[in-house]
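Have the structure open as you read.

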Amino acid sequence: MSAKLERPRAWQRMLSGRRLDLLNPSPLDIEIEDIAHGLARVARWNGQTIGPAIFSVAQHSLLVEAIFSDDGKATRDEQMAALLHDAPEYVVGDMISPFKAVIGGDYKAVELRLLAAVHVRFGLKADMPDALTKRIKQADQIAAFLEATQLAGFDEEEAKRLFGKPPVMKPDYDLLVKPWTAEEAKTRFIERFLRLETR
């Protein structure tokens with residue numbers, strides 16, 4: 001068979017040795033260490049943030065989960081879903097929202113398949129209820145406002161138009177917006193995951 005007729009490679013090899021197929025992801029090929037390692041090395045805002053270190057998706061995920069869980073009403077599964085809300089980005093990277101809008105639905109379909117596999121791997125429902133997805137998105141928007149104004153050069157008015165009204169600031173949020181090294185972000189992400197997993 002001609003090389004031109006062969007199906008293009010659609011899997012990525014992870015440091016764990018797993019090979020994750022992006023078109024048909026299996027929960028059996030997903031490891032939390034791979035997720036944490038990848039997310040800790042993926043920059044939010046395409047790296048357009050202040051400071052010597054990137055602000056990673058792993059750190060963003062911890063911030064979102066902290067905001068989401070702040071009222072003390074979230075269940076363990078809901079907190080886990082919030083922590084893992086951007087997990088597909090360990091494979092596909094963090095596409096900024098304007099670029100996702102240009103690409104359209106195909107990217108979203110791949111991302112949703114990956115997220116469903118991640119959920120199943122860690123004992124969550126493949127598809128989250130719309131109400132939970134909306135609550136996580138609200139926490140994500142608050143995190144985006146904080147990151148935009150503290151790290152990415154947005155003024156408050158512009159951030160308000162794009163991400164909604166500013167949140168009530170808490171000391172925890174400030175600490176979570178100061179960029180960590182990749183190793184620290186990876187370690188903290190895994191630690192938080194393990195705490196939730198054993199609840």
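## How the two helices cross

α3 passes α7 in a right-handed crossing (the near helix is turned clockwise from the far one by less than a right angle). Helices here are DSSP runs of H or I with at least four residues, numbered from the N terminus. The axes of α3 (residues 76-83) and α7 (residues 130-150) come within 10 Å and cross at roughly 55°; axes are lines fitted to C-alpha atoms over the stretch in contact, with angles from 0 to 180 degrees between N-to-C directions.

The model is predicted: local features need pLDDT of at least 70, side-chain atom pairs count only at 80 or more, and totals for chains, interfaces and linings use all residues. Residues are numbered from 1 along each chain as its sequence is written, and side-chain values use heavy atoms, leaving out hydrogens and water.

## Where they touch

On the α3 side, E78, A81 and A82 meet L132, R135 and I136 of α7 (heavy atoms within 4.5 Å). By class, this contact of α3 with α7 has four nonpolar, no polar and two charged residues (Ala, Val, Leu, Ile, Met, Phe, Trp, Tyr, Cys and Pro are nonpolar; Asp, Glu, Lys and Arg charged; the others, including Gly, polar).

The lining of the second largest pocket takes its largest share, four residues, from α7. Both α2 (57-69) and α7 supply at least two residues each. The lining divides into eight nonpolar, one polar and five charged residues.
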